[in-house]
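Visitor: I would like a quick tour of the pockets and helix packing here. Please show me the model.

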Amino acid sequence: MCETPLHYRTITEIAEEIAAKQLSPVDVTAAMLTRIEQLDGQLKSYATVTAEQAMAAAQKAEREINAGTYRGPLHGVPIAVKDLCFTKGIPTRGGVEVLAGHVPAFDGTVITKLADAGAVLLGKLNLTEGAMGGYNPNFTIPQNPWNSDRWTGSSSSGSGVATAAGLCLGSLGSDTGGSIRFPSAACGVVGIKPTWGRVSRYGVLALAESMDHVGPMTRSVADAAIMLEAIAGPDPNDPTSLPDPVPNMLEGIGQDLQGVRVGFDESYATHDIDTELADAVRAGVGVLANQGAEIVEVKMPDVDEYVAAWSTLCATEAVVAHAAFYPFRRDAYGPWFQGWLDMGAKVTGAEYAKANNLRAACTGHLRRIFAEIDVLVCPSMSAPPHVVTPEILYGPYDPRDREPKFQRFTVPFDYNGAPTLSVPCGMNSEGLPLSIQFVGKHLTEPLLCQVGHAYERATPWHDLHPDV
């Protein structure tokens with residue numbers, strides 16, 4: 001029997017025992033709900049716990065499996081989703097007070113796909129207001145399970161906390177400027193930001209539609225691959241979803257990295273960032289080389305000029321996303337997001353066009369770099385999770401919080417919609433998680449999972465869990 005506590009085991013491990021009828025979906029779900037009840041009053045990761053619906057779904061899954069109908073590795077597995085995803089009959093607030101009474105009449109596509117895979121929905125996870133940088137004062141702030149005084153990674157914070165603390169076996173987050181990668185890094189879990197359009201955004205509250213991505217957050221690369229395969233694919237309800245068929249995300253995941261060209265710009269990846277993180281990333285490159293990868297020296301552009309345009313693009317598109325409430329209900333927003341929307345409302349058409357041109361230039365540089373490599377390696381963020389206070393996180397918005405260095409390793413890949421994979425790569429001297437990021441060409445998520453799994457197989461970091 002596995003010595004790892006049930007709540008810290010992987011989807012892959014749990015699924016094998018559920019499929020073999022050695023483990024009951026009802027028992028797993030009940031155990032997770034008990035853990036949520038015991039710990040989430042402190043951690044504050046859940047906006048809504050759907051205990052009754054979860055138990056009903058677990059009972060249904062158990063009946064199906066016992067009758068010989070097994071849907072796959074998510075069947076009977078308890079997961080949770082960011083409270084941006086529409087769930088029929090269950091509040092979906094997006095951290096926004098003006099949506100406090102919003103109860104959708106239908107499920108978003110990702111929720112439908114998870115249900116079709118047989119997953120058990122434990123509930124909806126907390127996030128920043130509107131999926132940006134700060135929280136509404138009437139909503140709670142998720143606490144980092146490694147250190148409650150440290151940042152939980154912004155928007156998908158509840159997803160990072162719940163996954164790291166064993167309050168779900170996997171979760172969904174979203175990423176517009178780093179909000180799958182930041183909480184994955186800050187909380188020490190795995191996160192995939194898929195290719196833009198790989199996962200439907202139908203029934204997902206928007207922040208900036210041209211850069212919004214939805215993806216999984218888990219405790220292993222294989223688990224993230226399983227969840228991504230379940231939610232990916234074309235959707236007639238989302239015209240921006242890609243028509244490409246969904247591959248087997250686990251295909252080749254156990255192979256070595258012979259023939260894989262891994263690009264590394266040491267200056268980009270290690271200069272002017274936390275030194276312990278820089279050392280961990282360098283060590284990670286060595287691990288990939290030992291697994292057979294060809295390390296290719298590349299030269300990234302100075303991305304800071306391009307990253308600076310992100311705030312203009314995102315804030316302007318956020319005004320469009322909130323047109324039903326802003327500006328006529330401006331005072332209902334918290335001071336952080338209110339300031340963000342105010343900034344977006346002042347952007348002129350010429351300013352937006354200039355910012356969009358910078359985005360296109362950044363994307364062009366990256367296209368040339370990726371002509372010579374298969375994967376780029378860099379940190380997921382520039383430092384371990386920093387100290388925060390409620391006063392900082394509730395606002396008001398301070399433009400200094402969005403200096404280019406902060407999003408140097410995230411925004412370029414929201415601009416071009418490339419897939420990324422964030423994986424734990426160490427612990428610093430304060431006992432905080434560090435994270436390495438692998439970036440691929442469009443629609444190469446299986447290759448990223450192969451690279452990430454090879455790295456994971458050679459390192460111990462994914463087996464570390466916070467003491468909660």
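Visitor: Which residues lie nearest the centre of the second largest pocket?
Guide: This is a predicted model, where local features need pLDDT of at least 70, side-chain atom pairs count only at pLDDT 80 or more, and totals for chains, interfaces and linings use all residues. Residues are numbered from 1 along each chain as its sequence is written, and side-chain values use heavy atoms, leaving out hydrogens and water. A pocket is an open set of points on a 1 Å grid over the protein atoms alone, where a 1.4 Å probe fits, with protein on both sides within 12 Å along at least five of seven lines; lining residues have an atom within 4 Å of a point. The second largest pocket has 22 lining residues, and nearest its centre are Ala57, Ala115, Ala119, Val120 and Leu121.

Visitor: Which element gives the most to the lining of the second largest pocket?
Guide: Helices (H or I, at least four residues) and strands (E, at least two) are DSSP runs, numbered from the N terminus. At least two lining residues come from each of helix H3 (51–66), helix H4 (109–116) and strand E3 (120–125). The top contributor, with 7 residues, is H3.

Visitor: What is the volume of the largest pocket?
Guide: A volume is the space filled by probe spheres set on the points, with grid points joined across faces, edges and corners. Trp151, His386, Val387, Asp401 and Phe406 are closest to the centre of the largest pocket, among 26 lining residues. Its volume is about 540 Å³.

Visitor: At what angle do the axes of H4 and H7 cross?
Guide: Axes are lines fitted to C-alpha atoms, for helices over the stretch in contact, and angles run from 0 to 180 degrees between N-to-C directions. In H4, Val110, Lys113 and Leu114 meet Met227, Ala230 and Ile231 of H7, contact meaning heavy atoms within 4.5 Å. The axes of H4 and helix H7 (residues 221–231) come within 8 Å, and they cross at roughly 110 degrees.

Visitor: Are H7 and H16 roughly parallel or roughly antiparallel to each other?
Guide: Angles under 35 degrees count as roughly parallel, over 145 as roughly antiparallel, 65 to 115 as roughly perpendicular and the rest as oblique. H7 packs on helix H16 (residues 445–457) at about 160 degrees, the axes being 9 Å apart. H7 and H16 are therefore roughly antiparallel.
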